[in-house]
Amino acid sequence: MSAIPQPCQYPLRAPEEPLPNGRQERGWTQLAALLVALALIGCSAEDPPVRRSQTMAMGTVVELSLHGVDRARTEAAQQRVTDLLAEHDRRYSAWGEGRLAELNRRLVAGEAASVPTELRSALRRAAVLSADSGGRFNPALGRLVELWGFHDDEPPEAPPPRARIEALLPAPAADSVAPVDGRLSPDEPLRIDLGGFAKGLAIDRALAELRAMDIDAAIVNLGGDLGTIGHPKDRPWRIGVRDPRGEGVLASLTLEGDEAVFTSGDYERYFRHEGRRYHHILDPATGYPARGLRSVTVVTRDAIRADAAATALFVAGPEHWRETARAMGIRHAMLLDSRGTLHVTPALAEKVRIEAEDPPPVRESEPLS
Amino acid sequence: MTSVRTVPWLTPADVGVIAAAIVTIVMLAGRLWQPSAAASSVEVYQGGELHERIALSRGTTVRVPGPLGTTRIEVAEGRARVVASPGRKKLCVRAGWLSASGASVTCLPNRVTLVLEGDGPPRYDSMNF
């Protein structure tokens, strides 16, 4: 009889009978190796490479984060977005030599004017968003912005005289920027300023450009406001929200893809005069900087709406931000009030995590829908 | 000779090995499948162009020239921060120390940006402010 066990002749051992030593040790080793191998296979499922690039456009830093895109396409994408944003700035800047600035020169003189074709859609959209916000986002505030001086590179040092502010009130209505038969015929001098809307428009166009290049996971960050396409493999995007009170990160957001995050805050552009802070987010009703909130963060799928809503909710303040959010279809919002309390809507509470080492008091608001 | 067909049972030693392997997997998951919180380097950009990449393990001060003057950056103990930069509001200075991968800060007047990078997925893919 052969010494080598033959198939079907090898007895399966009873529980109490140990295998010959060599076979028993190989069994343990094989099992452990199998389990560790499974772990390593899981480990090899890495994120695709992140290619991050920076450029300057529209007076600020533009950061592109592209996932799973090779170097050549990344460079091509950066170039196309940079070119697009430069053209966007030329078109929509309220001052300078662009198309909107040229239109404004006629409107501020009280003249009727034909609206260039490439501006009409944006102006109609701005008028609709303004109406949705109850006028709290107002694209017709250019003369007030100019009076305060926030359009200059260097911020002002003192507020304008009250009489000059009041002379510009009431602010022009939202529909004064909506072309009728391709023309605007203002009843009074008018300067259109799309500052509370133009970034959203730019990000929306940049995202469309990237989608057209078949890029399916990306972030376009324009001076801190951002829009996303898709999400990285097997995980959501993770966005850090800077603490408006000063140092570090206030909170992190998880985004499932195709969402925009916009923040309006009193720390972005401001000056101090006689112990009081004056920031750039003007309340169309008073002509003065809106009071009551330090920052508003809005998350929604439409970058243009997110931009206008962040401004509108800030202007609405602690008393009226909820009704404004409902009217604009915003469910995901986070607000830091002037007393330092963080208000978070229930919908956004599912996506947010407080990261601050010295966290503010947090209050979950009632649902917005 | 008649084969004795019995079901092999796990011995206590078998159970111990399996338990150890599961613990190993859980520990690996904790390290390898979660976002990497700590950064290992900082990239400094000037005007959108990469100016310098510095390991966070290297304690140093970097001076970056820009259109308004010099932005001074300190790197120490796995962190980086802007110490001084031209501009009135000093927002980038007030942001303080950065340590998580993906965290970033921009000194807009002088066009200088810091971005922290690390091995593995970043803690933050982008910063909103």
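B:Thr61 stands opposite B:Glu74 in strand 4 of chain B. Start there, and keep in mind that this is a predicted model.

Strand 4 of chain B covers residues 69-76. Its partner is strand 3 of chain B, and 7 bridges join the two. They run antiparallel. Now widen the view. These strands belong to an open sheet of 3 strands in chain B, with the order 3-4-5. The pairing in this sheet is antiparallel. Strand 3 (60-66) and strand 5 (79-84) of chain B are the edge strands. Each of them pairs on one side only. From one strand to the next, the twist averages 25°.

Next, look for empty space. Rolling a probe the size of a water molecule over the atoms shows where such space is left. A search of the whole structure finds 1 cavity of 30 Å³ or more. About 50 Å³ of space lies in the largest cavity.

Its lining comes from chain A. Among the lining residues are A:Val241, A:Arg242, A:Pro244, A:Leu250, A:Thr263 and A:Tyr267.

Strand 13 of chain A gives the most, with 3 residues.

Technical notes
Residues numbered from 1 in each chain as written. Chains lettered and ligands numbered in written order. Predicted model: local features only at pLDDT ≥ 70, side-chain atom pairs only at ≥ 80, totals over all residues. Heavy atoms only, no water. 1 Å grid on protein atoms, 1.4 Å probe; cavity = no way out; pocket = protein on both sides within 12 Å on 5 of 7 lines; lining within 4 Å. Points joined across faces, edges and corners; volume = space filled by probe spheres on them. Helix = DSSP H or I, 4+ residues; strand = E, 2+ residues; numbered from the N terminus. Pairing = 2+ DSSP bridges. Axes fitted to C-alpha atoms, helices over the stretch in contact; angles between N-to-C directions.
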